[in-house]
Amino acid sequence: MNLLDLLFPKNCLECNKEGKYLCSDCVEKVLDGTFDKNNFAIFKYRGVIRNAITTLKYKFATDIADELVDICIKRLKSNKLRKVTLIPIPLYKLRYNWRGFNQSEILGEKLAKAMNWKFLPDLLIRNKNTIPQVGLKGISRHSNLSGVFSLNPTHNLLPITCHLVLFDDVYTTGSTINEAKKVLKLAGFKNIYSLTIAR
């Protein structure tokens, strides 16, 4: 145990047990990953996973990212996976400046490195600020994101046959992922999938 852990003990975000932010007992309760068309969600969006994601995003607790990625890696490495290029969903610059980080980029970079995947954080550009999707329903979610993404013109040499995996923290209705996929399809990319930590 190091001095930092001694002075500031980590407690599970769900059951408050000491040692980690995400204890193995609480992680076990939300382990079921789900497929939806071409999206794979590693966990259910509840319990300790929901607490970890919201604490990371809204309380700026970036040290939770390492534990979150570690449990994602264990889950993914139990499957045989091909080499892909991971593309995090970008934040608009004003929100990025306010928060100081993009949680999908932080988590995605750590995950890609551990899985030996390519990581391309700037393939997509977020063109406008949007209302947070939390609380919006169906049509409002879709219209909120219409035209929000564009392709970064500096990546015009990326082969259109490569396997792209869009990465985000949470998949709710799929509006964000689908809007990003639309831009990539219009650019000619053929193999586009998505991976989220939770659904």
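Visitor: By the ring-pairing rule, how many aromatic pairs does the count come to?
Guide: The model is predicted, with local features needing pLDDT of at least 70 and side-chain atom pairs counting only at pLDDT 80 or more, while totals for chains, interfaces and linings use all residues. Residues are numbered from 1 along each chain as its sequence is written, and side-chain values use heavy atoms, with hydrogens and water left out. Rings of Phe, Tyr and Trp (its six-membered ring) pair if their centres lie within 6.5 Å, with planes under 30 degrees apart taken as stacked, over 60 as edge-to-face and the rest as tilted. By this rule, the count of aromatic pairs is 2.

Visitor: Which geometry, stacked or edge-to-face, do the rings of Phe60 and Trp98 have?
Guide: The ring centres of Phe60 and Trp98 are 5.5 Å apart, and their planes stand at 75 degrees. The angle is therefore the deciding value, and the pair is edge-to-face.

Visitor: How many residues apart in sequence are the parts that Phe60 and Trp98 tie together?
Guide: Helices here are DSSP runs (H or I, at least four residues), as are strands (E, at least two), numbered from the N terminus. Phe60 lies in the loop between helix 3 (47-58) and helix 4 (64-76), whereas Trp98 belongs to helix 5 (residues 93-99), so the pair joins parts whose separation in sequence is 38 residues.

Visitor: Is Phe101, which also pairs with Phe60, buried or exposed?
Guide: Phe60 and Phe101 form an edge-to-face pair, 6.4 Å centre to centre with 90 degrees between the planes, and Phe101 sits in the loop between helix 5 and helix 6 (103-115), 41 residues from Phe60. Buried means under 20% relative accessible area, exposed over 50% and partly exposed in between (1.4 Å probe, protein chains only). Phe60 at 37% is partly exposed and Trp98 at 57% is exposed. With a relative accessible area of 7%, Phe101 is buried.

Visitor: Which residues form one aromatic cluster?
Guide: Phe60 pairs edge-to-face with Trp98, and Phe60 also pairs edge-to-face with Phe101. The one aromatic cluster is formed by Phe60, Trp98 and Phe101.

Visitor: Where is Asn16, whose phi is positive, found?
Guide: Most residues other than glycine have a negative phi. Asn16, which is not glycine, has a positive phi near 75 degrees, and at 52% relative accessibility Asn16 counts as exposed. Its place is the loop between helix 1 (3-7) and helix 2 (24-28).
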